[in-house]
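These are notes for a colleague who has not seen this model before. Please read them with the structure open.

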Amino acid sequence: MNKRKDLFSPVITGHRRFCRILSLVCLLQLTPDVGIGWISAQGVQDILITGIITDPDGNTLPGAGITGTGTNIGTISNEVGSYTITVPASTAFLEYSYLGYLRQVVDISGQSVINIVLQPDVNALSEVVVVGYGVEQRKLLTGSIGVVDGETLKDIPVSGIDGLLQGQATGVQVTQNSGTPGGEMSVRIRGVSSIGGSSQPLYVIDGIPVTTGDYAQIGYEGQGINALTDLSPSDIESISVLKDASAASIYGARASNGVILITTKRGSGAKAVTRFNASYGVQETWKRLDMLNAHDWKVYRNDLANAEVFSPEEIADNTIDVDWQDVIFRSAPMQEYELSTLGGNEKTTFFISGNYFTQEGIVIGTDYKRLNGRVNVDHHYSEKLTIGTSIGLSYAKTNRVEGDQSLHGPLPNGISTPAIFPVYNEDGSYNQEGPYSNAVSIANEAINENFSYRLLGNVYADYTILPGLTFNTKWGIDFLDFREHAYESIKTVQGAKFNGLGFETYSNVSNLVSNNFLKYHRDFNQQMIELQAGYSFEKYQARSSFIRAQDFADPSLEYINSASTIVSASTDAFDRGLRSWIFRGNYTIRNTYLFSVSGRLDGSSNFSENNRNGFFPAASAGWRISEEGFFNVGSISELKIRASYGLTGNDDIPAFLYAEVYGNTSYADQPGIYPANIPNPDLKWETTTQFDVGIDLGLFNDRVLITADYYNKQTKDLLLDRPLPTSSGFATITENVGQVENQGVELSLTTDNLKSSALRWQTMLNFSVNRNKVIELYNDQPIDDLGRGSNRIEEGEPIGIFYSYEWLGVDPSTGAVVFADKNFDGRITTADRTKVGNPHPDFIYGFTNIFTYKGFDLNIFFQGSQGNDVFNGSRLFLESLQGGDNQLAVINDRWQQPGDITNIPAATNDPEQAASNVRVSSRFIEDGSYLRLKNLTLGYNFHIGERMKNSISGFRVYFTGQNLFTLTKYSGLDPEVNYRGNDNAVIGTDFFTFPQARIYSFGLNLTF
């Protein structure tokens, strides 16, 4: 316990020191004598003006510029669109500006509160961008940041935030590991940068880093649950993806994998607006496997046995011919309802929403339900002080079934069960005569319920100390309570083995965050300087328990207290802390020469005192050539080149690797402990050095926008296990011994093709290439034979290549599989293994077209991946040509007699030949490239007459189709899979993985 207190003492001490400094600054400002002296020095009384800046729809505009005419005094609106400015009494006008909107000059005579509605400028590049701990105008950015706005995402029927990013931003690869309702996705920003640590990005919602990942203790491989799914996508205003070091280094130790900033919707000072959105859809499989029917399976079994297992009469009698895919797959509904309201006045603004989402899975026995509520409030307490809060609550329940790395689930069992076996016996009981447990019995009788309760909230205060100098403090909490309840009665084969089998798990996770910043902004002589310094700390706590029990007295008694035998029980507790000092400075000259520097000093309790602190600096610069006087190319409206270089870190590693850890045991009926590891107090951060150079080009008044980037990421000091002599008593010790490289090119294109009064057509294309390579491992030793597909990590190759035997085909004379003898020794041994595939794509892309014509709108979004290989592990069983499993119909073309030319080997019980049939090899490696019509939405906005506008201001109906068609050569159920979820090395493998669904949905949007 004393050690834990010591870990957090620097956090607490540093925070107190920072608060004392801020208190002194505020005290000096609030002291009456100091204030009077300052005013008298000016010679005249100054004027303080506050207000809110919005667009015509009532959305607030953070980062808008406010300048006193004839002065060098200026400021920008904060993250909720409010501003405070103090100008001399001689000032007659304020000028308001915002990229993408027309400038507005306002007479301030006699006014102290001025709320502004800026009108869009159709000829300007729109929007400011949310960056780390602030906002910046897009044209003044020097880093590489991808932006996805809420309007783009509004009709996409997904359960989680991560799913919204697929195909929407360059450099971001999103893989839906399975179609499990509420399941996790893999998100990679500019490649895989770690082997032993996490490669998932940091997610920050409204300025607070949030808990993500799978906290389930009952493993379901690729069907893992992601805590990010608890959050409602409908509450999102915008998403910013920080990709290069200049943009991400301000998050320091957790930014190596990129940072995703999510901003939720907020209120405005305009008239209150209430919105009701509803959608209902139906899901179905978009592809089925072609399996043997009853007749063909009987013929195959006779061939396998080389005997008459089934007589000709039995082969002809196919009274029982079950298509098990019809049994395990279903048409499944999904629906979502949302009610929200936003509004306020010059003092207080609010956004309140409630959301209900439910989705049944296309595999029987699966579903997901979620209930969300959110309240965002901002209050201008005084001319200098703004306070506010954001509170999000959620409840989710998931029903899962086993799949992926299992042969005890409806999907693998159903597909593998031959068509001759019925679902039910004549007495109504489940037929269990097949090779595996009855799939329907698992779906109906096995219980695996997950319950998630989530609170994500923060409070903040903005205080204007001096003109241009503000202090912001934000305190947030992310609290997750996760419980699993699992039970299998004797009605399932697995449950019968244990006379009833039950699990209860509980996880409680909290993360307390405090961000405190001083910001200074000044405009002078066509220059702008912005300085930001702050202190942040986080305190993370996790508690968990696990119980497994068996021997239940009655099938209807499903909880642990009804079990006679507790097989195992354990609890766990884990605390960690992070404290940080943060700095950023931006300097611009004539909006032409752009400079930015940032740095973050992090101290993490994940490391010993030897390497607890890490410093992560970055610098960037940009040159807007189009603003130069000598540049006069009429067709080019914007031309900017930019470059950045910096360091980021990764502290998301297993806990206490640096410390002595002990396990518990018993000996001679007495408790005892034993050393569980060899500590390494010299462990340090995984550090990524990244260089980025880019160009932003606007043509024809920005009707054509092109952004291109080249990056090079070098991640060193990877945490890997080094082998130890067996005499040490341990197999490995964790050390910083590896290095990985990612380099690539990103290209995005946005065009306004047509802009007539009635018809508008916009196109958005993004294209990304990444090349991953392992630079260094311990003593050049590869990490081999990982997962079902035999992934491998070796120097000079991408992480997770497929490394096994090269399949050459089937010997026409014997029907045996032939493999390449790489060392020409006349035998097939492990020495003949070689690289046979690469799970990383050559490139990924997204392509969107948006059409609007009068009241109609049409959005067509294609997404794809090209050049990646997939190991089809399902075929190891479904083309094994042995045992009692059902087989794919392709085995009807199997070898049956000498001279047969085919790629399907003979059905055999010969041990050596049967082993070759299921040997992991390139035989099961397939091209996983695909092009998907990911989303198509057709909507219509009804014209609202003047009589109705007092009650209804907007009414829209729409149809959305998702995964409407997929072009791929992959023979499995879905090319976009990975049975091991977010694993960094075991990737690109399909093993009876839950496929994605094709979705048809209808919805309506009502605005009051």
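The model is predicted.

1. A parallel pair. Strand 13 (residues 202–205) runs parallel to strand 16 (residues 259–264), and 4 bridges join the two. To find this pair in the viewer, look for I205, which stands opposite I262 in strand 16.

2. The chain as a whole. The protein chain has 12 helices and 50 strands. Its C-alpha atoms fill a box of roughly 110 × 75 × 60 Å along the principal axes. A compact globule of 1008 residues would have a radius of gyration near 30 Å, and the value for this chain, 31 Å, agrees with that.

3. Burial, contacts and surface. Of the 1008 residues, 56% count as buried. Among contacts between residues at least 6 apart in sequence, 70% join residues at least 24 apart. The accessible surface of the chain comes to about 41,000 Å², and 55% of this belongs to carbon and sulfur atoms.

4. Charge. The chain has 77 positive side chains and 111 negative ones. The centres of these two sets lie 7 Å apart.

5. Strand 28 and its two faces. Which side chains of strand 28 (residues 613–624) point to the buried face? They are G614, F616, A618, S620, G622 and R624.

6. The neighbours of strand 28. Strand 27 (residues 593–604) runs antiparallel to strand 28 and is joined to it by 11 bridges.

7. Strands 32, 33 and 34. Strand 32 (residues 686–699) and strand 33 (residues 704–723) are antiparallel and joined by 13 bridges. Within this pair, F691 has N712 as its bridge partner. Strand 33 also pairs with strand 34 (residues 732–755), in the antiparallel sense and over 19 bridges.

8. The turn between strands 32 and 33. The hairpin has 4 residues between its strands, and F700 takes a positive phi near 55 degrees. D702 is in the loop between the two strands as well. Its phi is positive, about 65 degrees, although D702 is not a glycine. Is D702 buried or exposed? With a relative accessibility of 10%, D702 counts as buried, because the cut-off for buried is under 20%.

9. The hairpin of strands 39 and 40. Strand 39 (residues 807–810) pairs with strand 40 (residues 817–819) in the antiparallel sense over 3 bridges. The bridge partner of W807 in strand 40 is F819. There are 6 residues between the strands, and in this hairpin G815 has a positive phi near 80 degrees.

10. S790. This residue lies in the loop between strand 36 (783–786) and strand 37 (791–793). Phi of S790 is near 60 degrees, a positive value in a residue other than glycine. At 5% relative accessibility S790 counts as buried.

11. N59. Where does N59 lie? N59 is in the loop between strand 1 (46–54) and strand 2 (65–68). At 25% relative accessibility it counts as partly exposed. Leaving aside neighbours within four places in sequence, N59 is in contact with I53 and T54. N59 and T341 are 282 residues apart in sequence and 12 Å apart in space, C-alpha to C-alpha.

Methods: Residues numbered from 1 in each chain as written. Heavy atoms only, no water. Buried < 20%, exposed > 50% of the residue type's maximum accessible area, 1.4 Å probe, protein only. Contact = heavy atoms within 4.5 Å. Rg over C-alpha atoms; globule rule 2.2 N^0.38 Å. Areas by Shrake-Rupley, 256 points an atom, 1.4 Å probe, with all protein chains shown as cover. Lys, Arg positive; Asp, Glu negative; His and termini not counted. Charge placed at Lys NZ, Arg CZ, Asp CG, Glu CD. Pairing = 2+ DSSP bridges.
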